[in-house]
Amino acid sequence: MGRLRKLLIPGVDKKLLLRDAVKTMPELTRRRFITAGTSLGALTLLTGCDVVDSSSAEELLKKVSKFNDAVQAWMFNPDALAPTFPESMITKPFPFNAYYDLDDAPEIAGADWKLEVRGLVDNKKSWTLDELYKLPQVKQVTRHICVEGWSAIGSWTGTPLRDFLKLVGADTRANYVWFQCADKDGYNSPLDMRSALHPQTQMTFKFADQILPRAYGFPMKIRVPTKLGFKNPKYVLSMEVTNDYKGGYWEDQGYNSFSGS
Amino acid sequence: MTSLAVNDHQAETAAPAKVIQPVWVRIVHWTNAFAMILMIMSGWQIYNASPLFGFTFSRSITLGGWLGGALLWHFAAMWLLMVNGLTYLALGFATGRFRKKLLPITPGGVIADTKAALTFKLSHDDLSKYNSVQKLLYAGIITVGVVIVLSGLSMWKPVQLHWLVALFGGYDFARYVHFTCMALIVVFLVIHVALALLVPKSLRAMLIGR
């Protein structure tokens, strides 16, 4: 994982740094910045990149992060529910958040879309949106907590994932449900099975009682109130029940993989 | 550590032979200093991802380079900080050090010693005895240390430890508590280091024990 190594030290991973920097810019500057084609060398200079050479520090940090996965799995109580809130406390407007602008969010035609189900399941049939909409749905008003620190309360309605997994005959002794999504650059993310079976983990079709808008992941997102926001997939294309750890978009860049809340 | 001094020379002649800072205190002190600096610097980088106030910390004084790197540092150094902190608390109570060194703290004593400090009349003849201002500051910073760890844990596990988040008045409020404790620790750190440099024998005691 030479890739991770570059990420730990200021200024070394140009791609991420650029992304971080661009995010903090006002819209107009941001556009110009990107189109102008930034000198990455200058960016490196700005950040001063030689704090510690940390191939050894990086190895240690990776190990501790794995250890933290284990600690969090141990702490995870499958019966502990995320706090719920009255609808009056819903954050308005609920923030759009992604590693791209709203303009670049996937535009999916609901009629053509099908959810692909793969891996250790009895029934590998793909599901249309109409078929999914017929499944029993529940509403939750819970707090979305971003890895960045901010949080927002939202209302999500959909089918508990554990009911769907039962329906398709998933092997719930498997380690992960792995989601592949339509976001540009191919977002994906593994969800550990115990979190997947948590009663509040949901295949979400509605936000605030309305069909899930494009900004929040149309046609389907996975709402996991026991995980940080980046582990709540949007624009889901497929789910795979698997024993293998397949990595994830953010997980591979260094965010802690369990990231439970 | 001690506070403002002018008549250091009086103590020099007394040549203290007894151990002022036992070896366990010195080990946990410097381990804590190391862990705390890692936590603060990575914490500033994490703060920058979603600032609570109208400023961010310069990248030159943060650790981790970006949010993901900073989080790795923060959630690694937290173990060092917590294990070391618990060791300190356990030994502090078990050896009676807290009781002997930090108690009693009386309002009268604090006021008198504050006056003495501000008029440069505070004595440092015996570094093994803390004056009232020191007692108050040390007891206070230990409390802040406990609160910053608990508020941090509540933000790390707001579902599993939802009772702890509730104790801090909710997730968003816990962030302010965590930040405020950091600010208090930084202020303490500045004063602490400044005073240690003013009374160098206190620094020596923390390095070699006497």
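View 1. Of the 210 residues of chain B, 49% count as buried. Buried means under 20% relative accessible area, exposed over 50%, and partly exposed in between, with a 1.4 Å probe and protein chains only. This is a predicted model: local features need pLDDT of at least 70, side-chain atom pairs count only at pLDDT 80 or more, and totals for chains, interfaces and linings use all residues. Side-chain values use heavy atoms, without hydrogens and water, residues are numbered from 1 along each chain as its sequence is written, and chains are lettered from A and ligands numbered from 1 in the order in which they are written.

Chain B has nine helices and zero strands. Along the sequence the pattern reads α-α-α-α-α-α-α-α-α. Helices (H or I, at least four residues) and strands (E, at least two) are DSSP runs, numbered from the N terminus. Among contacts in chain B with a separation of 6 or more, 72% join residues 24 or more positions apart. A contact means heavy atoms within 4.5 Å. Chain B has an accessible surface of about 10,300 Å², and carbon and sulfur atoms hold 75% of that surface. Accessible areas come from the Shrake-Rupley method with a 1.4 Å probe; for residues, only the protein chains shown count as cover.

**View 2. The largest pocket, lined by helices of chain B.** The largest pocket holds about 1,100 Å³ of space. Its lining has 41 residues, and the closest to the centre are B:Asn32, B:Met36, B:Tyr88, B:Ile141 and B:Ile142. Six helices of chain B give two or more residues each: α2 (23-49), α3 (67-94), α4 (97-102), α6 (132-156), α8 (171-198) and α9 (200-208). α6(B) gives the most, with nine residues. By class, the lining has 31 nonpolar, eight polar and two charged residues.

Pockets and cavities are found on a 1 Å grid over the protein atoms alone: a cavity is a set of points where a 1.4 Å probe fits but cannot get out, a pocket is an open set with protein on both sides within 12 Å along at least five of seven lines, and lining residues have an atom within 4 Å of a point. Grid points are joined across faces, edges and corners, and a volume is the space filled by probe spheres set on the points. Ala, Val, Leu, Ile, Met, Phe, Trp, Tyr, Cys and Pro count as nonpolar, Asp, Glu, Lys and Arg as charged, and the others, Gly among them, as polar.

View 3. The structure holds two cavities of 30 Å³ or more. The largest cavity has a volume of about 850 Å³. Of its 42 lining residues, B:Ile46, B:His74, B:Phe75, B:Met155 and B:His178 are closest to the centre. Helix α5 (55-75) of chain A gives two or more residues to this lining, as do α2, α3, α6 and α8 of chain B. α2(B) gives the most, with seven residues. The lining of the largest cavity counts 28 nonpolar, 11 polar and three charged residues.

**View 4. An open sheet of five strands in chain A.** The order is β2-β1-β10-β5-β6, with mixed pairing. β2 and β6 (188-192) are the edge strands, and each pairs on one side only. Two strands pair if DSSP finds at least two bridges between them.

β1(A) (residues 114-119) pairs antiparallel with β2(A) (residues 127-128) over two bridges. There, A:Leu115 stands opposite A:Trp127. β1(A) also pairs with β10(A) (residues 236-242), in the parallel sense and over four bridges. A:Gly119 has A:Val241 of β10(A) as its bridge partner. β5(A) (residues 176-181) pairs with β10(A) in the antiparallel sense over six bridges. A:Val177 likewise has A:Val241 as its bridge partner.

**View 5. Strand β7(A) and its pairing strands.** Five of the six residues of β7(A) (residues 202-207) are buried, so this strand is largely enclosed by the rest of the structure. β4(A) (residues 151-160) runs antiparallel to β7(A), joined by five bridges. A:Trp156 stands opposite A:Phe207 in β7(A). β9(A) (residues 221-223) is also antiparallel to β7(A), with three bridges. Here A:Gln202 stands opposite A:Arg223.

**View 6. The hairpin of β7(A) and β8(A).** β8(A) (residues 210-211) pairs antiparallel with β7(A) over two bridges. A:Lys206 has A:Ile211 as its bridge partner. Two residues lie between the strands of the hairpin, and A:Ala208 takes a positive phi near 50°.
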